[in-house]
Each structure stands twice: as structure tokens, then as C-alpha cells.
Amino acid sequence: MDTETSQTLDKYAQDKYKYGFVTEIDSEKPKKGLDEKIIKFISNKKKEPEWMLNWRLNCYKKWLKMNDPQWANLKFPKIDYQDIYYYSAPKGFEKKPKDLSEVDPKLIETYNKLGIPLEEQKVLAGVAVDAVFDSVSVATTYKGELEKLGIVFCSISEAIQTHPELVKKYLGSVIPPGDHSFSALNSAVFTDGSFVYIPENVKCPMELSTYFRINAEETGQFERTLIIADKGSYVSYLEGCTAPQRDTNQLHAANVELIALENAEIKYSTVQNWYPGDEDGKGGIYNFVTKRGLCKGKNSKISWTQVETGSAVTWKYPSCILKGDNSIGEFYSVAITNNFQQADTGTKMTHIGKNTRSKIISKGISLGNSQNTYRGNVSFLRKADKARNYTQCDSLLVGNKCGAHTIPYIDSKNNSAIVEHEASTSKINEDQLYYCRQRGLTHEEAVSLIVNGFCKQVLQELPMEFAVEAQKLVSISLEGSVG
Amino acid sequence: MTFENNFINHSKEYIFLDNETILNQREKVFKKIIQKNYDKKNNESLKNITISELGKFNYFYKPQKEDPTISLIDNSNYEIRVINGICKNYEDDNIEIRNFTNLDFKRFLNQDKNNFDDIIIDINNVFLNSGIFFNIKSESRLNIRLIHDTSDNFTIFQNNFINFKKNCEVQLEDHFHLKHNSINNINYNIEVEEDAIIKHNIFQNFSNSNKLYLTSNTVCKKNSSYNQNTYNFSAGFVRNFHHAHLNGEFANASLKGCFFLKDDNACTNKTNIIHNAENCVSNQTYKGILNNHSNANYYSNTFVSENAQKTEGYQLSKGILLTDNCSFFSKPELRIFADDVKCSHGSTIGPVDESALYYLRSRGINKNQAMKMIISSFIEEDLKNLDSESAKIISNNLSDYLNSLVND
């Protein structure tokens with residue numbers, strides 16, 4: 001590494017997390033720890049019907065018998081589940097505000113600091129925001145407009161009250177609570193999240209969006225998102241995350257379930273920028289997310305796009321189960337790790353139906369002392385005639401203290417199915433760097449340009465509303481240490 | 001026979017039988033296997049097997065009646081027959097070959113244990129009943145043909161050391177002539193010294209009552225080159241696990257293989273290349289054709305340590321599935337800790353290319369013939385570097401395989 005590079009590295013290594021601040025709102029929380037009492041407390045707080053409570057308790061019993069999955073390429077201290085708060089809601093929100101003016105001004109201020117003013121967004125971007133502050137949905141905008149089309153977009157707690165038949169039918173149908181310990185844990189203690197139902201033949205006219213936020217210290221966030229796209233419908237859902245700077249590790253174990261029926265299409269985009277810990281690897285969020293989509297009907301399509309820049313530990317595999325004939329699964333991912341971040345992320349494409357197709361594009365960028373792993377599983381079952389998969393995963397290494405790992409699992413049991421997998425790992429091309437420098441770009445600008453080009457294939461899949469933010473995030477993450 | 005019985009009755013036979021250090025070590029490894037004390041994370045040696053099944057075999061080993069031979073075809077061509085794990089002790093200007101003796105226990109104990117918690121190697125250690133030292137002297141230019149003859153029902157647990165001294169140039173061939181019901185668990189430790197150029201061809205073709213577990217662990221020093229090709233036409237189970245460590249600058253290693261499976265046959269393959277020095281090049285390519293109910297696994301791993309800058313590492317796996325009932329699992333892994341590297345991997349699994357078939361059919365070639373042409377062209381490039389005799393063996397085996405394809 002030349003001196004200029006290391007100077008820039010040093011300079012940006014000092015960069016502090018821009019979104020690190022704490023909103024001082026009295027959080028109402030019960031004791032730390034997890035037992036049946038706390039689950040009953042959560043269920044009671046949410047005024048849930050009995051079947052829901054029983055479901056939670058059932059999942060809790062399953063969780064007690066399970067161990068955390070060990071196979072990921074991650075190192076972190078054992079999680080003490082008894083040292084976490086499982087419920088926290090800003091005070092005074094027992095009764096939900098009817099509109100923005102009823103929302104605590106401090107909350108609104110927090111969002112403003114993050115650059116998502118609710119009012120402005122409502123007018124300018126045409127985005128309906130289901131903002132989650134800690135564990136209670138604070139405000140849901142554009143609900144009226146959506147209701148006219150019959151679209152249900154609300155918090156999951158509300159959906160349990162208003163649409164119990166849909167929740168009962170689909171909750172846990174894609175991610176069975178017994179799948180692994182994080183899914184069981186989430187199922188037992190989930191506090192909030194979004195619920196979306198798109199009726200038959202409705203194209204959702206706007207991008208639905210939720211902003212997750214982890215605030216109270218040592219509060220695990222257990223979001224549960226359930227999206228159901230009925231026959232012939234379309235929806236695009238955005239999820240963005242950012243959290244204040246903290247010293248103790250925070251746990252986040254979300255479950256996201258998507259169900260696409262015949263001819264339906266779901267596009268799910270994520271920008272994740274949670275606090276990754278400081279330059280010594282202290283603090284940061286543990287992110288254990290289970291995301292899974294089921295292409296249940298014929299000709300359905302589920303597309304995942306993610307930009308992962310935050311979290312100390314990321315454990316995340318948005319997957320597709322391609323059950324309906326001719327269904328399509330897509331996965332586009334950019335994962336950037338810096339300092340002491342660790343990411344083990346990828347996807348799982350399970351081809352069950354005939355003529356199912358999947359495409360995986362994954363770009364990993366490792367900087368500093370970080371470890372970045374792509375882990376993907378593509379499997380063709382016996383009946384997946386003429387199924388097809390194309391996988392491309394590329395890694396870029398900056399500096400010689402980081403690691404890039406590619407661990408694909410490819411399993412074919414059908415002789416008419418075709419799978420193609422390509423991967424490459426390299427550093428930033430010297431020739432490209434030289435070319436850019438010659439044309440007057442600084443070293444840093446040149447690297448930023450090249451990396452942006454490297455990620456382009458994924459970033460262009462993001463919806464307009466997100467693309468700008470994502471690009472900003474990529475360059476912020478890079479600024480941290482690229483020279 | 002259970003694993004415990006095998007251990008009690010047979011772990012103290014033939015080699016090192018009065019050496020306490022070894023016996024203690026065997027006791028320890030035995031406990032490890034019984035208690036299944038393995039790191040299961042990423043341990044490919046435990047995939048698709050059950051430890052108790054693996055321990056159930058009828059141990060059988062006796063000193064052989066037939067004499068092993070070494071025939072010198074000319075000054076540079078050797079044919080060595082290893083009968084039930086035993087060879088003839090021999091030495092000349094080029095080569096030194098001898099069987100393990102009790103005095104060799106230190107060498108055995110100190111061997112590179114880089115085989116990553118491999119249960120097959122552990123079993124090999126417990127029941128070891130033969131071993132051979134090969135010493136290829138520096139500056140030699142040799143062709144060596146090694147024929148492994150195993151009689152009915154024999155269980156061979158063998159540990160071989162091959163040392164290629166500086167600047168030698170050797171083509172080594174392994175042939176397996178296994179009779180019936182034999183188990184061969186063979187572990188090679190290969191050392192390739194500076195500037196040595198080694199070609200290692202392994203031919204596996206035996207009947208379905210036999211099992212072969214072949215493991216090799218190669219260490220390459222500066223400027224050396226090690227090229228391994230395995231050709232698996234066996235009807236019996238084969239496990240090919242090959243590791244290579246590139247420990248000196250400018251060394252290169254290539255681990256290649258092809259397998260042709262039919263009926264209910266299975267095979268497991270693993271290649272693992274570890275780059276520990278700068279400017280090294282590695283290559284891993286496995287290709288397979290699967291027919292009927294066969295299934296195959298291929299695990300490959302390229303590991304680049306943080307000081308191995310300017311590394312080039314390539315991996316490729318290709319599988320052709322001929323029927324709906326066969327399956328192929330592939331896991332090409334890259335683990336990279338250095339930034340100035342060029343590494344890639346590719347993996348494809350699919351049927352025979354329809355358009356190629358159509359092209360040939362439209363030119364009046366019948367379907368069988370066309371299939372044969374496409375499949376032979378699939379491995380054509382792997383045959384280029386073979387000498388005429390080896391190429392002949394392969395093409396005979398290949399045509400046998402092709403003729404056995406279902407005619408429809």
C-alpha cells in the first residue's frame with residue numbers, strides 16, 4: 001500500500017458514525033430477561049387474542065430446546081438472552097396517534113436528523129411510511145389512500161386485531177418457528193413490524209416503506225414482517241435501518257415472510273446502516289435476520305435487493321422458495337464491511353416447481369479488519385424440470401487485514417436443470433485506478449468511482465426513492481477507509 | 001464387526017506393535033472416534049456418512065504369499081507392484097523404496113496433521129497396517145508406475161511418504177487393481193522440493209465390491225510444480241481428498257479430476273489448496289458425468305493466507321446429469337485474506353447441451369453416437385497432457401463407459 005493510501009486510510013478511519021445520537025425519551029420497559037411472564041406481558045400490552053398468545057408460548061417452548069446455529073463464519077461472544085429487554089415502548093403511546101401532529105415532537109426530530117422528515121416525505125416522495133420507533137409503530141401515513149384500493153398496510157399488532165384470519169393463515173407458514181433458534185425466538189417475542197396485504201389484481205401505486213430504528217439501550221428488536229400479494233398483484237416494499245451509537249451490543253432478530261400467489265410480484269428492498277461498532281470493534285448491533293419468500297402460485301416473482309453497510313455482525317440470508325411453476329426468484333446484494341465488522345450473508349434458492357428461474361448477484365467489499373462471507377445455496381429438487389439458476393458473486397478486497405470468503409452450496413437432483421455459478425475475488429484494478437488518476441481524480445475519488453461501478457448492477461435494482469440514499473451510504477462506508 | 005471389536009482385535013497388529021507412544025496415540029484417536037468428538041462445522045469428511053456405519057467392517061489382513069516386485073523396464077521407467085500394501089525394498093541411483101519398520105514411528109507421528117479433523121485419516125491411524133517410503137533422488141528423470149494389488153477381503157490401511165528431491169522430474173502413475181470386497185484407505189504424504197516438476201496420474205477402475213479412500217497431502221516448495229490428475233471409472237465407492245500446500249514462492253499446484261458414474265455408484269471428492277507464499281498459482285478442476293441413480297459430491301477450497309500476495313487461484317467444476325435420478329452437489333469455497341490476488345471459481349451442473357445434440361442429429365448422426373461424441377469432447381482437454389499409453393487406458397475406459405449408457 002502506498003503512503004497516500006495509508007494516509008487516507010488513517011484520515012477516514014477517524015470518521016465517526018454520522019447517525020450516532022440518542023433520543024432521550026422515557027422508555028417504558030419491564031425487567032430484563034426472557035420467560036413466559038414476559039411473553040404474556042407483551043401479548044397483554046398488545047391486547048392480543050388468546051390464539052396469538054398460545055402461538056407465542058408454543059414457539060418459546062421450541063426455542064428453549066434449541067441451540068443457536070453455529071455454522072456461520074462469524075465470531076462473537078455468546079448471547080446472554082436473559083440480559084436483554086424484550087419490550088420497550090415510548091411512553092404515552094398507549095393510545096395510537098391519529099396523525100403526525102399527535103406524535104411526540106422529539107421523535108419527529110429524530111427522524112429529521114436521519115433525513116426522513118415524515119411530513120416532507122408524505123408530500124414530496126409519495127411514500128407511505130410505517131415508522132417503527134423501538135417497538136411501537138408511531139405513525140402510518142397514506143393509509144387512507146391505500147385503503148381505497150383495499151390494500152392493508154399496518155403494523156403487525158394491528159393486523160392481528162383487524163385481519164386475524166390472514167395472520168393466522170400465513171404467519172409462520174414460510175418461516176416455521178422451529179426452523180432455527182432465531183426464528184423461534186422472534187416468533188415468541190416479536191413486538192412490532194409491518195403487515196401488508198395486496199388484494200387480487202391490484203398494483204400498489206406507491207412504494208411502501210418502513211423505517212426501523214433501534215433506540216433504547218440493550219433492547220432487542222424483534223420485528224415481524226408479513227407481506228401477502230394476492231393473485232395478479234404487485235408491491236414494492238422498502239426497508240431502511242439506522243441506529244444510534246451505543247457501546248453495548250444490541251441484538252436484532254427480525255423475521256420477514258413474503259408470500260406471492262399466482263402471477264403476483266413482490267419486490268423487497270433493504271438499506272441497512274445500523275451502528276457497526278467503533279474502530280476497535282467495540283459495540284455495534286448483532287443482526288440475525290431471517291428473510292424468506294414463498295413463490296406459492298404459478299408465474300409469481302420475488303425479488304430481494306439489499307445494501308448492507310452496518311451492523312457489527314450480520315447473519316442474513318434472504319431466500320426464495322420457488323414452489324409455483326414458472327416462478328422467479330432474484331437476489332441482488334451489496335455488502336460492505338469495515339473495521340471489525342463481520343458479515344455472513346447470501347441467499348438460498350430452492351427450486352421446486354417446473355421452469356423456475358433464479359438469479360443471484362452478490363457484491364462483497366471488505367475493508368479494514370473485517371470479514372465478509374457470501375454463503376449461497378442453490379438446490380434443484382427432483383421435479384424442478386428445466387429450472388435455471390445463474391449466480392455471480394464478486395468480492396473486492398481493500399487492505400491486507402480483511403478477508404473475503406465465498407461459500408456456495410450447489411445441489412442438483414434434476415437432469416434438465418441448469419446451474420451456472422461464477423465468482424471472482426480481486427483487488428481494485430491498478431489500470432483503472434491509474435486511468436482515473438490521470439484524468440485528475442484524487443485517489444479517493446477514483447476508488448469511490450470504481451467501487452460504485454462495481455456495485456452498479458445491484459444499486460440500479462433499487463427503486464428511485466432508495467437509490468440516492470443507497471449510493472450515499474455506499475460512499476459513506478467507503479470514505480471510512482478507502483484510500 | 002463393530003468398530004470396538006475391530007479396535008480390540010486388530011489395532012495392535014503388524015506395524016509399531018510394541019511401541020507404546022503409538023499405542024497410546026491410537027487409544028486416544030479411538031476414543032475421539034467413538035465419542036464423535038469432531039468439529040462438525042465445515043467438516044466435509046463427515047458429510048453423508050454415519051460414524052458407526054464407517055466403523056463396521058470386517059478387518060482382514062495377513063502377510064501376503066505373493067512377492068512384490070520392482071521391474072526396471074529401462075533406466076528411467078519403473079514398474080512397482082505393491083501387494084496388499086507391501087513393496088519390495090530397493091535402492092539405486094535414482095530411487096529408494098522401503099517398507100515401514102518399527103523405527104519409523106517418529107516420522108509417522110510427526111507427519112503433517114493438516115488433514116483437518118478427517119475421520120478417514122483417524123481410522124487410518126488406528127488400524128495402520130502398512131506403509132512405504134519413496135525417495136526420489138535429486139536430478140532424476142523418471143517414469144514410475146505404481147500398481148496397488150489388493151486381494152479378496154483385504155482391508156489395507158496405508159500411510160505412504162513420497163519425497164521428491166530437488167530438481168527431479170517425475171511422472172508418477174497410480175493404478176488400483178483391487179479384487180473383491182476390499183477396503184483401501186491410503187494416505188499419501190508428498191513433499192515436492194525446490195524446482196521439482198511432478199506429474200501424478202491416478203487411475204481408478206475397479207469393481208463395485210471394493211472401496212477406496214485416497215487422501216493426499218502435498219507440500220510444495222519454492223519453484224516446484226505438482227500436477228495431479230485423477231480418473232475415476234470405478235463401479236465401487238471412491239473418496240478422493242487431496243490437499244496441497246504452496247509453501248514456497250513461485251510454486252504451482254493443480255488438482256484435477258474426472259469421474260464417470262453409473263448405476264447406484266457414489267463418489268466424494270475434495271480438493272483443498274492453501275497458499276502460504278507469494279506468486280503461486282493453483283488450479284482445481286473436477287468434471288463428472290452421472291448416469292442412472294449415481295450421486296457425487298465435490299468440495300473445493302482455495303485458502304489464501306494474508307502474506308500470499310500475487311496469488312492466482314482458479315477453480316472449476318462441471319457436472320453433466322444424464323438421468324433424473326442422479327444428483328450432484330458442489331461447494332466451491334474461496335477464503336481469501338490477501339488483497340493482491342486473482343481468484344475465481346465457476347460451477348455448472350446441467351444436462352447434455354440440447355443444441356449440440358440437435359446439431360449432430362441434424363447431420364445424420366444417431367442419438368447414441370452423438371451423445372458419445374459430446375461426452376468424449378467434455379473431457380477431451382484433460383487428455384491432452386497424457387502420454388500415449390495412459391491416453392489409451394483412459395480412452396478404453398471411456399468407451400466402456402459410453403457403451404454402457406442406456407440406449408434409448
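User: Which residue of S20(B) stands opposite A:Val419?
Analyst: This is a predicted model, in which local features need pLDDT of at least 70, side-chain atom pairs count only at pLDDT 80 or more, and totals for chains, interfaces and linings use all residues. Residues are numbered from 1 along each chain as its sequence is written, while chains are lettered from A and ligands numbered from 1 in the order in which they are written. Strands are DSSP runs of E with at least two residues, helices are runs of H or I with at least four, and both are numbered from the N terminus. In S20(B), the residue opposite A:Val419 is B:Ile349.

User: How many bridges join strand S23 of chain A to S20(B)?
Analyst: Two strands pair if DSSP finds at least two bridges between them. Strand S23 (residues 418-427) of chain A and S20(B) run antiparallel, and the number of bridges joining them is eight.

User: How many residues does the contact take from chain B and from chain A?
Analyst: Residues are in contact if their C-beta atoms, placed from the backbone, lie within 7 Å. From chain B the contact takes 32 residues, and from chain A it takes 32 residues.

User: Is H2(A) roughly parallel or roughly antiparallel to H3(A)?
Analyst: The axes, which are lines fitted to C-alpha atoms over the stretch in contact, with angles running from 0 to 180 degrees between N-to-C directions, come within 10 Å for helix H2 (residues 36-45) and helix H3 (residues 50-64) of chain A and cross at roughly 150 degrees. Angles under 35 degrees count as roughly parallel, over 145 as roughly antiparallel, 65 to 115 as roughly perpendicular and the rest as oblique. Therefore H2(A) is, relative to H3(A), roughly antiparallel.

User: Which residues of H2(A) make the contact with H3(A)?
Analyst: On the side of H3(A), the contact is made by A:Met52, A:Leu53, A:Arg56, A:Leu57 and A:Tyr60. On the side of H2(A), the residues are A:Glu36, A:Ile39, A:Lys40 and A:Ser43.

Technical notes: Two residues are in contact if their C-beta atoms, placed from the backbone, lie within 7 Å.
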